[in-house]
Amino acid sequence: MNREKVFYRSGPWNGVGFSGVPEMKPTEIIKFEFQMNKDQVYYTFEVLDKKICSRLLVKHNGFLERYTWIPTSHIWNKFWYAPKDQCDVYEECGVSGICNANLSPVCKCLVGYKPKNQVAWDLRDGSDGCVRDHDLDCETDVFNTLENMKLPESGSSFVDTKMNLDECKEMCMYNCSCTAYTTANVTGAGSGCVIWTKELVDMRQYSAAEGGQDLYVRVASSDAAQSGNVGSEDGSGKTKRIDMATGITAGVALVLIGVVSICLLSKRKKLQGPIIRKKTEQRGSNERSQDLLVNTAIIPNKREISGETVADEFELPLYDLSTLAVATEDFSDANKLGQGGFGCVYKGIIDEGQEIAVKRLSKNSGQGVEEFKNELRLIARLQHRNLVRLLGCCVEMEEKMLIYEFMENKSLDSILFNKQKSVLLDCQRRFSIICGIARGLLYLHQDSRFRIIHRDLKASNILLDKEMIPKISDFGMARIFGGDETEGNTKRVVGTYGYMSPEYAMDGLFSVKSDVFSFGVLVLEIVTGKKNRGFYFQNNQRNLLGHAWRLWIEGRASELLDSTVGESFSPCEVMRCIQVGLLCVQEQAEDRPNMATVVLMLGSESTTLPQPKHPGFCLGRRPVDDYSETIYEETFTVNEVTITMLDPR
């Protein structure tokens, strides 16, 4: 908690585990127990295999983590951690809102409810929650069954362990203040009764495979037809601080037992090490539950990185430097996957065989520090099939590292522009890669919690998993747009030559349309198997864009297809990709389609595509004209390419 503000809650104990920790099940290694009587309430764990050690702690980033030590492996293996995602953040979807991390957006209203603040809801901020769409009538109300739920906050709920579920329903039905009920113990046929008489907050819905339990929520009879469904309104949670500590909330008053929850608590001041303490607070005239804060370590609200601070949430685990050193064999050259201006990327193996990619920031890279901050701000909050997944980070001593899921086929450019490997990319696979990149970019521009401009979309930033599914990576240069923002302006142009749109490279103007331009270049590169940068035709008069444009207007665009794809391809599909690519690289930003239109054009053979106009940057190398005026020159280096902006004064 941050004073009175709860940050994370495990959900109440249901006889097996905490309802918000569905993976917490008895195993051959660890047994969990919960005891409650008139004198005390407590929770314990026991390691059954005496050869194995276990520890439950809060890392200095605030994440609650359980580790097991297996002597034969000589390493601490992460057994469990929390919070895992944005739905673990307390009250992410507000009052009467349900969070579901498997959906996009993650917030939904309960049946019979609508967003309280529709404007904020449409902007993917669900923190204001939901309000009833229809008034209740105590005599005719019904109950909607929600399955696989993390139960609502239960600090003031009524608990009777001797009642059965039918008696619980009857009590709730005839108490007009009752908002929901469920069984207190899910073992066997279920037993006990828990009743809520206040607003329902901090609810989460899991998939059937994940767990959770049934919750019965009171709804107006007019909403009975929707019984069993969660509302369809869109929304997302409000950004929250990730700085936190931990506690186990134990309800004391037997009439108003708040079934025990583990809580992570946000703190503002920096503490140096773990502490154990007890804390008693007052709630009105009644004693509040006693919080046992176990192994508490706190990350400061603003983490220092190279003398600077980052006031952003860290919704991901923090890895120890020693763990990563072991995983990468001390960052050996044999495990090096690649290298860039930011530093090196290494392959590692952790947690009994899980493969990871460790992006290690160069200590001398000022640009890399900014990339590091930006990726923590952005990609940790994003979830999409076509975006690379960030697993965690390491900030220890002078080291700064990002840990990603491992991509078996590395980057697109390592295959596409390699004559021996490019044969792996047949026509259908290239088309699938183009469509996957388009869907990932659409998510960034339109469907994610934020409107995000990537600003450095290129073949080396597209990673391929073992099934050749593309994942957009490297968000170090990305920018967030909020509200109605559609474009921005910068004096510091960053990106990679050959992929930057004319308006961005020349005037510093960037928008979703500058990403669209980069996507168009990528499409033409994937079709041809040739780089835009470094490709020159007929004495340097045309680069790849100019060459593709010339063949298009001459009716010979089919000649662009990479010869390594073989004879098995669809001419219509190839021509559609080329046309979409040329539409995306048109010189004027307003002429380019948005990504929603691009996805539609790629996915429908019946859609009539407009004719593309002249693309930007068709010419190859060209000497700069002499100016009679004074030239103001602003030069900077990005991705090992020096870009010079010329501004006549």
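Tutor: Happy to! Here a disulfide is a pair of cysteine sulfur atoms within 2.5 Å. Keep in mind that this is a predicted model.

Student: Okay, and how many disulfides does that rule give?

Tutor: The count comes to six disulfides.

Student: What kind of bond is a disulfide, in general?

Tutor: A disulfide is a covalent bond between the sulfur atoms of two cysteines.

Student: Which cysteine is joined to C109?

Tutor: C109 is joined to C130, with an S to S distance of 2.1 Å. The pair links distant parts of the chain: C109 is in strand β8 and C130 is in strand β10 (residues 130-132), 21 residues apart.

Student: Are C109 and C130 buried or exposed?

Tutor: Both C109 and C130 are buried. Their link is left-handed, with -90° about the S-S bond.

Student: And what is C93 joined to?

Tutor: C93 forms a disulfide with C107, at an S to S distance of 1.9 Å. These two also come from distant parts of the chain: C93 sits in the loop between β6 and β7, while C107 is in strand β8 (residues 107-109), 14 residues apart. C93 is buried, and so is C107.

Student: Is the link of C93 and C107 left-handed or right-handed?

Tutor: The link of C93 and C107 is left-handed, with -85° about the S-S bond.

Student: Why is the disulfide of C172 and C178 called left-handed?

Tutor: Because the torsion about its S-S bond is about -90°, the disulfide of C172 and C178 is left-handed.

Student: What is the pairing if you number the bonded cysteines in sequence order?

Tutor: Then the pairing reads 1-3, 2-4, 5-6, 7-10, 8-12, 9-11.

Student: New topic! Where is D88 found?

Tutor: D88 is found in the loop between β6 (75-82) and β7 (97-99). Its relative accessibility is 5%, so D88 counts as buried.

Student: Which residues does D88 touch?

Tutor: Leaving out residues up to four places away in sequence, D88 touches F7, Y8, P83 and R204. With R204 there is also a polar contact of 2.9 Å between the side chains.

Student: Let's zoom out. How many helices and strands are there in the protein?

Tutor: The protein has 11 helices and 37 strands. Of its 649 residues, 54% count as buried.

Student: What share of the contacts is between residues 24 or more positions apart?

Tutor: Among contacts with a separation of 6 or more, residues 24 or more positions apart account for 64%.

Student: Last one: what does the accessible surface come to?

Tutor: The accessible surface comes to about 30,100 Å², and 48% of that belongs to carbon and sulfur atoms.

Definitions and conventions
Residues are numbered from 1 along each chain as its sequence is written. This is a predicted model: local features need pLDDT of at least 70, side-chain atom pairs count only at pLDDT 80 or more; totals for chains, interfaces and linings use all residues. Side-chain values use heavy atoms; hydrogens and water are left out. Helices (H or I, at least four residues) and strands (E, at least two) are DSSP runs, numbered from the N terminus. Buried means under 20% relative accessible area, exposed over 50%, partly exposed in between (1.4 Å probe, protein chains only). A polar contact is a pair of N or O atoms within 3.5 Å; within protein, one must be able to donate a hydrogen and the other to accept it, and residues adjacent in sequence count only if both atoms are side-chain atoms. Contact means heavy atoms within 4.5 Å. Accessible areas come from the Shrake-Rupley method with a 1.4 Å probe; for residues, only the protein chains shown count as cover.
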